[in-house]
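Me: Hi! Could you walk me through a few local features of this model? I'll ask as we go.

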Amino acid sequence: MRLLIFLSLLLSSCTSVLPTLPSEVQPRVRWWWMGSDVDSTGLEYHLKEFKRVGLGGVEITPIYGVQGRDGISYLSERWKGMYDYTHEWAERLGIQVDMNAGTGWPYGGPEVTLKDAACKVMFQRFVVRKGEDFVEKFDAQGNKDAVLECVMGYFSDGKVEDLTEKVGQRGIFSILPEKDGELVALYRVPTYQLVKRAAPGGEGYVLNPFEKESVLRYLSKFEHLDKQPYYYFNDSYEVYGADWTPGLRRAFLEKKGYKLEDHLREFISGDRNIITDYREVMGELLLENFTQTWTEWAHKRGAKTRNQAHGSPANLIDQYAAVDVPEAETFGITDFELPYLRRDSVRKKNDGDPTVLKFASSAAHLTGKKITSAETFTWLTEHFRTSLSQCKPEIDQLFCAGINQVYFHGSTYSPPSEEWPGWKFYASVDMSPTNNLWEHMPAFFRYVSRVQGALQASDPDNDFLLYFPIHAIWAQDTSRFLSTFPIHGMRERLPVFGAWAEYISSSGFDLDYISDYYLSLSVGKDGRIQVPGGARYQAVFVPDSHFLPIQTLEHLNRIKDEGGKVIYLSGKPSAQVLEEFSTLKEAFKSDWGGQMIRKRHDKGHLYFMSMLRKEGKEGWLPLSVQAKSALIYDPLTGKMGKAKLRKNQGKTEVYMQFEPGQSYLLYTYENKEIKGALWQYWKPQGYVKNIEDGWELAFSESSPQVPGTFQHLGSWTDLPVEHAKKNMGAGVYRVKMDMEKMGRYRLELGEVRESARVKVNGQEVGIVFSAPYHIEVQLNKGINELEVEVRNLPANRIRDLDQNQVPWRKFKEINFVDLNYRKSTYAHWPIEKSGLIGPVRLVR
């Protein structure tokens, strides 16, 4: 039923220039409130603009402010008034409002006392000799905020004594030992970490997330909001150096059955077993006292939670699974060798590759959650240099990894009256009305909405489970107490696990990750393995099984006894492991080199396929599932049609055509012969018309202005006009063509810098924003007028401002940096090509 409803919405959306898809499936954006310095006029303007271009929601995150302005104090009555006004307009427009439960990151603020602040452990060690007086003042080396938790004595006869009660009121400790030994004093010390990028009224210590009462005290400040957000959001775990908490020793005894303080010497020296137990307990405290507590608190107030678990010192799968929406993150850009895709010279490698993204989507699939979100495009490129063509393949890769709701990072609130470039947050991709590409973004957002709606309306159908061997990972490095899993460098931290995940996927299969806890809740059923959310898998693969907890081994044996398949992996990835599953292989991944995800719907299966490589592919594509009929849907154009299907050696094959960068949704129907028009496959008839001469270029928008009309096809920065080398705007290229035959042609634009709105004979055909840069057009016999409006990057404009030392950087705290977090200007940038570069041709 969900699929039928969504398909009807897709059909209706194909006939409209404006987005008609519901806001539930539209992308969202993180909305930076600089200094919370907002007003009713600006809020209304931004929300209306978001709605107009096809954004379905905002996430309010207040941060530091603008120089010379006080801003609005966080959670003050004035702030609440602006927040309520946002809700009022969002409800009118059908926009969802989420909120970071704090300012900047991580959680914290002025109400967090040292009692509730993040803390760490500190040790002092002393050697004692039999019969020699020992006197020491335990003052944590002068740290007045330190709390002495215990003093333990370890003696030569193996006896361990708790000597804490022997410490006097002024910290003086005196003992005449009867045996040689060692004393260890354990202190709890504040980390003194402050909220990063805090907004006015949000400054203060970072919260201790391991103590339930501390978390609840912190959250209580949001209970007085008149309107609760749809989602409370928590950014990636960045509580640095916090490796202790007041309740740890008690929890350790309850969970592990022995006292951690009896083994402090082994703990300090990095004993593998003690460290692993400690890490497991700390992870469980984070899960129970923060993640679950926060989610239960939100539910009582009618709100839900979105959480980025990466970075935390815990099993990521369990942390992601404990909230309503697990959220992944991309950070940097991926190398896609697509023809005409601009490869920026200023780059940061993407840390959010598919093997990392799958932690979040796996958690959703294990628990039956319909949505997996992602903070999308963090540092995709440098500010003012991001094109929509760079965004699309990155989004496609997200979708193939199981993400089905993107939150763009981000859009900065800027007063409409503010001179360009307005207020900017240093790390954002600029999804805001001040971006020169804003008028072309509806086409991109429509594409995202169509794919997200299809993926959200279907169910997971991955082949395998891959056990996440967290105990083996913990046991490998005991050089520090806590072990975290930040997005940066995670693949390097998980070489064996990551290699197997990547190998299984590239071999034509798809998989989800599973933790010890969710293995314990899974069962063998009808020869497959069923997880708590209802999804079923062919087998579970277990890498690096040398450190399996005995309980996990018992659960795996039980699953085998129930008919589930358990496969233990060793060494490097090998094809032999997958031989028995060869009939399940998806050739689009293994043979065609594409990326994809397969899901289930009521009548069959749904594929999202993307050809993110430099060569295209055409032919009969074998599927791993059986189908009686299939429907191809192009989410870029809205076109759909019945696919060619055949049976070959017992497999269903569908005829598919992919150019580099193209993506399709394929709906298969197991027992239903669908009706409707056939999919229009591209069949070139050998007609090619190069459109080289007769072009005229004029600017419908330009800052600075570039008046006049030019006989030109190519980058407008080549024009003999100085302002054309430093402007941002919209250049309109026009040409008249004399056609011998009426009919449909493919207009190939070649290289476009950066996106193009195409009109034929005064009628808009569509917006081309990504590789391959072509679009179908209907031409009449005789004279036809082609108009291509191209919008460029703001890079040349900001370069000119910096060369002329225009003071647009006016932000407090981190006053703009480049993607390597260095202060710099953009005056040194080379001039970026702008406009319709070509070659342009008509093909039939």
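Me: What should I know before we start?

Reply: This is a predicted model, where local features need pLDDT of at least 70, side-chain atom pairs count only at pLDDT 80 or more, and totals for chains, interfaces and linings use all residues. Residues are numbered from 1 along each chain as its sequence is written, and side-chain values use heavy atoms, with hydrogens and water left out.

Me: Let's begin with β31. How many of its residues are buried?

Reply: In strand β31 (residues 651-658), 7 of the 8 residues are buried, so the strand is largely enclosed by the rest of the structure. Buried means under 20% relative accessible area, exposed means over 50%, and partly exposed lies in between, using a 1.4 Å probe and protein chains only. Strands are DSSP runs of E with at least two residues, helices are runs of H or I with at least four, and both are numbered from the N terminus.

Me: And which way does β27 run against β31?

Reply: Antiparallel: 6 bridges join β27 (residues 617-622) to β31, and glycine 619 has methionine 656 as its bridge partner. Two strands count as paired if DSSP finds at least two bridges between them. Strand β30 (residues 645-648) also pairs with β31 in the antiparallel sense, over 4 bridges, with arginine 646 partnered by glutamate 653.

Me: What sits between β30 and β31?

Reply: The two strands form a hairpin with 2 residues between them, and glutamine 649 in the turn has a positive phi of about 55 degrees.

Me: Nice. Which strands make up the open sheet?

Reply: The order is β17-β25-β26-β32-β28-β29, 6 strands with antiparallel pairing. Its edge strands are β17 (459-460) and β29 (640-642), each pairing on one side only. Within the sheet, β26 (residues 604-610) and β32 (residues 663-669) share 7 bridges, and glycine 604 stands opposite tyrosine 669.

Me: Switching to side chains: is aspartate 344 buried or exposed?

Reply: Buried, at 3% relative accessibility. Aspartate 344 lies in the loop between β14 (325-331) and α9 (354-367).

Me: Which side chains make polar contacts with aspartate 344?

Reply: The side chain of arginine 342 does, at 3.0 Å, and the side chain of arginine 385 does too, at 3.0 Å. A polar contact is a pair of N or O atoms within 3.5 Å; within protein, one must be able to donate a hydrogen and the other to accept it, and residues adjacent in sequence count only if both atoms are side-chain atoms.

Me: Where are the cis peptide bonds you'd point me to?

Reply: One joins tryptophan 105 and proline 106, with omega about -15 degrees, and proline 106 is in the loop between β3 (96-100) and β4 (108-109). Another runs from alanine 771 to proline 772, with omega near -5 degrees; proline 772 is in the loop between β39 (763-768) and β40 (774-779).

Me: Which residues have a positive phi although they are not glycines?

Reply: Among them are serine 36, at about 50 degrees, and leucine 75, at about 65 degrees. Serine 36 is in the loop between β1 (28-34) and α2 (40-53) and is buried, with a relative accessible area of 1%. Leucine 75 is in the loop between β2 (57-63) and α3, and counts as buried at 15% relative accessibility.
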